[in-house]
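Here is a short report on a protein model. Please keep the sequence and the 3D view open while reading.

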Amino acid sequence: MRKNETIISLRGSLWLKISIAVFIALVISYFFYRISEPRPGGGTTFGLVYGFIGLGIFALLMYFGVRKRSYVNNFGTLKDWLSFHIYFGVIMIIITAMHAGFDFGFSIHSLAFYIMIIVVVSGIVGTHFYLNLPADLEKYGDEISFAFADSEMNTLINRIKSVSKEKSAVFQKRAEMIIASGMPGKNEAFWIMFRKKYGVPTESEYFESIKDDVVNIPKEESEDFQKLTVLALQKFDFQRRFLNQIKIKNKLRIWLVLHLPLSIVLSFVILIHILIVVYYNGI
Amino acid sequence: MPFEITVKRYLASESAEEIKTFKFNSSVISIGSDANRAIYLEEKEIEVNHASIELDDSGCFIVPSGKTYLNKDQVTNKSRLKNNDLIEIGKYKITVLMPGDPDKSSSIIINVEEDVDVSKINKESEDKYEKVEYFSRYNLVKSIFNVRVFTLLFLLLFIAGFYFMTKGENEKALSPGPLSDAHSLFENDCKKCHVDSWNSFSELSDDNLRANHPCLSCHNVNVHNDNERFTPNCVSCHKEHNDNINLSQTYNKFCIKCHSDLTVKGGSKSVNYHNKIIDFESTHPEFAVTRAGEKYKDIRIRLDNKKELIDTTPIKLNHKVHLADDLRGPGEIEKLSCDSCHQISEKGDYTVEITYEKDCERCHSLDVYFDYGNLKIPHGDPKIIREFLRQKISTEAIGGFKGTTSELRKFVDTKLKESEKILYSTVKCSECHISEYGQGKLPVIEKPNIPSRWLSHGKFNHALHTNTLRLSCTSCHEVSGSEKTTDILLPSIDTCKQCHSESKGATSDCVLCHDYHKNSELKFLEDNKTIKQIVDK
């Protein structure tokens with residue numbers, strides 16, 4: 001990929017141009033289709049042609065999932081496949097609507113279209129994330145793995161526990177508060193994406209909160225309380241850095257939770273749609 | 001200039017294996033007890049910023065801040081590092097490996113080793129503190145929000161939904177579209193038509209399949225033409241589940257499929273019908289009248305075949321005279337209009353058959369004065385008229401006759417001859433009929449046999465054109481100048497095209513004028529059914 005070239009603008013937006021050309025061709029063909037066919041539908045000649053084109057494109061879109069996991073495959077570059085996947089994914093909505101003659105209701109056949117809309121919209125959201133979020137990720141330093149993060153977090157917590165061992169109640173209460181700050185709740189992997197703060201105090205907030213502690217801490221514990229403060233700030237800083245990263249990483253994944261499973265379900269719905277229309281000889 | 005440095009940590013608490021590899025595009029590697037340091041060393045004695053390893057164009061250096069040993073000697077100032085140098089900070093041993101030129105190397109490996117007894121550390125760690133999976137709880141893949149869980153969830157939802165959709169009345173959710181109005185009663189009963197899925201709507205040519213055809217269980221369908229090459233199945237033309245309100249309204253393309261190159265059984269070209277029709281406007285042939293030909297075999301003559309286009313009906317009629325302004329009526333001068341004789345049927349399609357009694361008698365009456373009375377002669381066969389006269393004479397003309405039976409018979413015969421002479425000299429049968437009449441003989445009159453339909457291959461609705469659209473009859477039938485009985489006063493195809501064309505808007509669909517299934521009907525059309533019978537049918 002050239003400098004400043006994204007998956008959207010790959011090869012001078014080649015796939016965008018191809019998809020626009022296909023879109024125009026489809027619109028023109030549909031115009032003539034409507035003139036010759038007052039009652040368009042999937043069973044008409046044009047409707048069937050749209051159906052077969054849509055099925056072919058859908059197969060290629062699904063093949064992308066196989067292709068991107070196949071590292072030894074030289075059948076087109078992965079970037080081209082992705083660019084094709086994005087643009088023709090959107091085109092699929094138009095082809096499907098034309099196949100159905102823009103007539104939808106409550107049926108297994110229309111269900112395929114509704115699922116397709118969710119799949120395509122989730123894909124568009126995913127594309128938006130992939131284009132914009134990685135740049136934000138760089139702001140939060142080197143990537144931290146889960147294992148490393150857990151290891152570091154346990155170390156910090158253990159050190160806080162170690163420092164606070166056999167200390168005064170004020171000291172221990174503060175240590176517990178530091179440990180509890182920003183601890184993940186239920187399904188936090190999902191909710192983190194919508195949080196602006198993570199229950200982790202900033203440096204100034206922390207110093208504001210320990211004003212009373214500083215007065216009440218016994219003199220002999222003041223040196224360790226300073227160490228506790230250093231550890232607390234280390235913990236908060238590390239948490240913020242990691243959670244900022246994970247918030248972005250999870251956004252980069254969450255759309256797939258709809259996109260991929262519904263694509264698989266869509267395959268089944270399309271298969272059943274085809275079987276029904278063929279089985280009942282309705283075409 | 002950034003250097004790439006690989007840091008390998010060997011930690012006793014992690015089974016003394018290489019557990020992490022970091023790559024830094026930085027020229028400074030920080031070492032300390034702060035978790036944000038590049039090399040994070042966990043020990044109470046180690047400072048937050050304990051030391052750093054720096055790389056520049058002149059080489060690789062250790063820059064200590066806290067207690068640091070280089071090759072067993074404590075260093076306090078910035079010191080140059082060589083390949084395999086050992087740095088010791090607290091319990092950690094850091095080995096610097098420079099495979100290439102140490103001054104120019106861009107790939108330096110730093111091994112970090114914890115000099116602690118592994119078994120002791122692990123045991124101590126387990127005893128002292130629990131190990132919490134803290135950040136792993138933010139891992140979307142390990143949460144319920146992962147692709148596998150959702151794939152399973154959606155598949156289960158779909159299977160449950162599909163099961164629900166295929167049960168009872170919900171079955172219609174499998175329907176690819178609403179049924180036509182005529183079949184809407186079966187909307188919730190798919191099996192009414194889909195009795196045998198694969199063969200449900202197979203070709204009608206197969207007698208076995210025809211016997212079990214779901215459409216034919218209700219519809220009595222006649223074959224389109226005995227000589228047709230094949231009989232298409234019903235759904236070829238009547239597309240159900242297609243928002244098709246009127247199922248009988250099919251497309252021209254279904255007709256054109258055969259009629260664009262019409263062949264008959266055996267594959268030869270059709271000779272009885274025009275065999276290249278693709279539309280009404282350009283390729284449909286001129287209309288043809290069906291006329292009884294020799295030996296009663298119908299012959300068809302196109303309206304543009306002026307030479308042969310002759311009305312051979314044996315009757316005399318001058319339209320011009322009848323439509324004149326000063327026509328002599330039974331009482332006074334009057335003006336006739338077309339519907340004076342040609343009335344549209346109740347159905348609105350064709351005109352009612354013309355009869356003498358209904359349309360002619362008012363002006364062309366058969367009232368004749370005889371010396372025994374004024375008689376209204378019946379219109380019909382002269383033999384019947386003769387019997388009528390004989391009966392009248394026998395009852396009304398023999399009053400006071402005295403004589404023998406033979407004399408009476410002779411009297412009646414004489415009277416009959418006189419009456420017929422008066423009749424056939426007063427009433428000119430030949431005015432309207434082709435007839436031969438000689439003295440003493442009964443006139444021989446050829447039966448008119450006026451056709452009830454001229455264009456028998458097409459249907460037409462007169463009421464729609466005259467009553468609804470208020471078209472005058474003469475808009476299509478040019479009769480005002482017609483003086484000859486042989487004139488056929490039917491509109492040509494061009495007359496129809498004035499409205500029925502794409503540019504003018506009126507439809508020119510084949511089925512507008514042509515019936516594919518002649519005289520087909522529903523099988524259960526008996527009278528007085530109850531609603532229950534209809535619903536259960």
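## A serine in a loop

B:S501 sits in the loop between α11 (493-497) and α12 (510-513) of chain B. Helices here are DSSP runs of H or I with at least four residues, strands are runs of E with at least two, and both are numbered from the N terminus. This is a predicted model, in which local features need pLDDT of at least 70, side-chain atom pairs count only at pLDDT 80 or more, and totals for chains, interfaces and linings use all residues. Residues are numbered from 1 along each chain as its sequence is written, chains are lettered from A and ligands numbered from 1 in the order in which they are written, and side-chain values use heavy atoms, leaving out hydrogens and water.

Is B:S501 buried or exposed? B:S501 is buried, at 5% relative accessible area. Buried means under 20% relative accessible area, exposed means over 50%, and partly exposed is in between (1.4 Å probe, protein chains only). Leaving out residues up to four places away in sequence, B:S501 touches B:E281 and B:A506. Contact means heavy atoms within 4.5 Å.

## The sheet in chain B

Chain B has an open sheet of five strands in the order β4-β3-β5-β6-β9, with mixed pairing. Its edge strands are β4 (39-40) and β9 (79-80), each of which pairs on one side only. Two strands pair if DSSP finds at least two bridges between them. Strands of a sheet pair through backbone hydrogen bonds, either parallel or antiparallel.

In chain B, β5 (residues 51-56) and β6 (residues 59-64) pair in the antiparallel sense, over six bridges. B:L55 belongs to β5 of chain B. The bridge partner of B:L55 in β6(B) is B:C60. B:L55 counts as buried, at 6% relative accessibility.

## A buried threonine

B:T68 is in strand β7 (residues 68-70) of chain B. Its relative accessibility is 0%, so B:T68 counts as buried. A polar atom of the B:T68 side chain lies 3.0 Å from the backbone oxygen of B:G66.

Neighbours within four places in sequence aside, B:T68 is in contact with several residues, among them B:H50, B:A51 and B:I62. The list also includes B:D73, B:Q74 and B:V75. B:I87, B:E88 and B:I89 are in contact with B:T68 as well.

## Salt bridges

Side chains of opposite charge can pair when their charged atoms come close. The whole structure holds 23 salt bridges over all chains. A salt bridge is a side-chain nitrogen of Lys or Arg within 4 Å of a carboxyl oxygen of Asp or Glu. In chain A, A:D213 forms one with A:R174, and the closest N and O atoms are 2.5 Å apart. A:D213 lies in helix α9 (residues 211-216) and A:R174 in helix α6 (residues 169-180) of chain A, so the pair ties together parts 39 residues apart in sequence. A:D213 is buried at 10% relative accessibility, and A:R174 is buried at 8%.

In chain B, B:D261 forms a salt bridge with B:K269, the closest N and O atoms being 2.2 Å apart. B:D261 is partly exposed at 37%, and B:K269 is partly exposed at 43%. A network of salt bridges links B:D261, B:K269 and B:K276. B:K320 forms a salt bridge with B:E483, at 3.4 Å between the closest N and O atoms. B:K320 lies in helix α6 (residues 319-322) of chain B and B:E483 in the loop between α10 (462-468) and α11 of chain B, so the pair ties together parts 163 residues apart in sequence. B:K320 is partly exposed at 41%, and B:E483 is partly exposed at 47%.

## Where the chains meet

The contact takes 70 residues from chain A and 54 residues from chain B. The area buried between the two chains is about 5,700 Å², and carbon and sulfur atoms give 63% of it. Buried area is the accessible area (1.4 Å probe) that two parts lose on being put together, summed over both. Across the interface of chain A and chain B, the rule finds zero salt bridges.

Notes. Polar contact = N/O pair within 3.5 Å; in protein donor to acceptor, adjacent residues only side chain to side chain.
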